[in-house]
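This report covers a sheet, the helices packed on it, and the surroundings of a ligand. Please keep the structure in view while reading.

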Amino acid sequence: MTEDGTQTRTPMLRASRLVKEFGSKRGPLQRRAGFRAVDDVSFTVDRGETLALVGESGSGKSTTARLIARLLDPTSGSIEFEGVEVSSLAARQLRPYRSQVQVVFQDPFSSLNPKHSAEQIITAPRRHLGLPMPTGASAFARDLMARVGLDPDHSTRRPAQFSGGQAQRIGIARALAVSPKLIICDEAVSALDVSVQAQVINLLKRLQAEEGFAYVFIAHDLAVVRQIATRVAVMSQGRIVESGERDAVFDAPRHPYTRELLAAVPRIDPEWDAHRRANSPFAGQEAAA
Ligand SMILES: Nc1ncnc2c1ncn2[C@@H]1O[C@H](COP(=O)(O)OP(=O)(O)O)[C@@H](O)[C@H]1O
Ligand SMILES: [Mg+2]
C-alpha cells in the first residue's frame, strides 16, 4: 500500500527512458551525433488493456514497437516485463519473452512467408520456440483459423491465395499461437479497406475479451484508435508529448500537436462528431475552422 492507501501494482510492461539512435548513413568522416528516432520514451502497459500509440509518419512509433518486441536493441533505457528486465537479454535468453510478446505488422503479404502454407505460418512461432502442439500441427492451425474467422479447410493455401483482410487474420492467428500476454499491432489495420478494417478491429476486440491479453495498438488514424484504445500516448519527433485515458485525450487534448492530429481526422463518424462537439472545450475553435 502507498501512503494514500491505494494499492501499489506493477504494470505488466514498463518502458523507461527508451532511446534509439540511428547512425547517419554517411561515411565515418561525416559522422554526426546519432539521430534519435526514439527519444526518452516511457510508458506502461497493464494486463488486458489497449495502449494506443499515435502520431504522424516518422514520429517513432514503429521503432518503439520494435524495441518493445526486442527486434531492435535500445541505445539506452529499460524494458521490464512482469518485473524482469528484458532490454539487455541476449538472443538466446529471449525465448520466454518471445512467447509473451507478439507483433502483427502492417503488410501481411510482406510479413508472411509467401512460400509457406497458412498452417506452416501459424505454427512457426511454436515450432521455433519449441512449444508442443498436443493435438498436432494441423488441428492446431485449423482451430486457430476458425477462431480468427478463416475457413480451416484453407490451411494449405499460401498467403497470395487470401485477400488482404484474410492474410491479416493469418498474421493474427500466428500471434495468438503462442498465447501471448501482449500483442503489438503496428498499423495492423491501416492498409485495409474501411469495411474490412472494422471487421478486423472487431475481431481484435473479441479475441482480447476472450483471452485477456493486452495490445499496444499503433495507428496514425485516430478514428480507428478511438474504437479500440483504453489509453492513448501521442508521439511526435521521437517523444511522447501527451498520454492519458482515451476519452481525456480525445475530448480535452492538452498538447497543440494532439489537437492538430484530432482536427485532421476526417469527419466520417457522425456519432463521434456529435460526441466531440458536446464534450470538447475546443469545440468553438473547431467550428471557426
Ligand atoms: N533502421 C533505421 N535506420 C535509420 N533510420 C531509421 C531506421 N528506422 C527508422 N528510422 C527513422 O526513424 C524515424 C522514426 O521512424 P519510425 O519509427 O518508423 O516512425 P513511424 O512508425 O512513427 O512512422 C524516421 O525518421 C525513420 O526514417
Ligand atoms: Mg511505422
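## A parallel pair

In this predicted model, Val-101 has Leu-182 of β7 as its bridge partner. The two strands involved, β6 and β7 (residues 182–186), run parallel. Four bridges join them.

## The sheet

β6 and β7 belong to an open sheet of six strands. The order is β6-β7-β8-β3-β9-β10, and the pairing is mixed. β6 (101–104) and β10 (239–245) each have a single partner strand, so they stand at the edges with one side lacking a neighbour in the sheet. From one strand to the next, the twist averages 15 degrees.

## Helices on the sheet

Which strands does helix α1 touch? Helix α1 (residues 61–68) packs on the sheet against β3 (50–54), β6, β7, β8 (214–219) and β9 (231–236). The direction of α1 makes about 155 degrees with that of β8.

Helix α10 (residues 256–263) also packs on the sheet. Its contacts are with β3, β9 and β10. Here the angle is about 105 degrees, taken between the directions of α10 and β9.

## Around ligand 1

Helix α1 returns at the ligand. It gives the largest share of the shell around ligand 1, three residues. The residues around ligand 1 are Phe-22, Ala-37, Gly-55, Ser-57, Gly-58, Ser-59, Gly-60, Lys-61, Ser-62 and Thr-63.

How does this shell divide by residue type, and how many are charged? Seven of its residues are polar, two are nonpolar and one is charged.

Note on methods:
Residues numbered from 1 in each chain as written. Chains lettered and ligands numbered in written order. Predicted model: local features only at pLDDT ≥ 70, side-chain atom pairs only at ≥ 80, totals over all residues. Pairing = 2+ DSSP bridges. Axes fitted to C-alpha atoms, helices over the stretch in contact; angles between N-to-C directions. Contact = placed C-beta atoms within 7 Å. Near = placed C-beta within 6 Å. Nonpolar A, V, L, I, M, F, W, Y, C, P; charged D, E, K, R; others polar.
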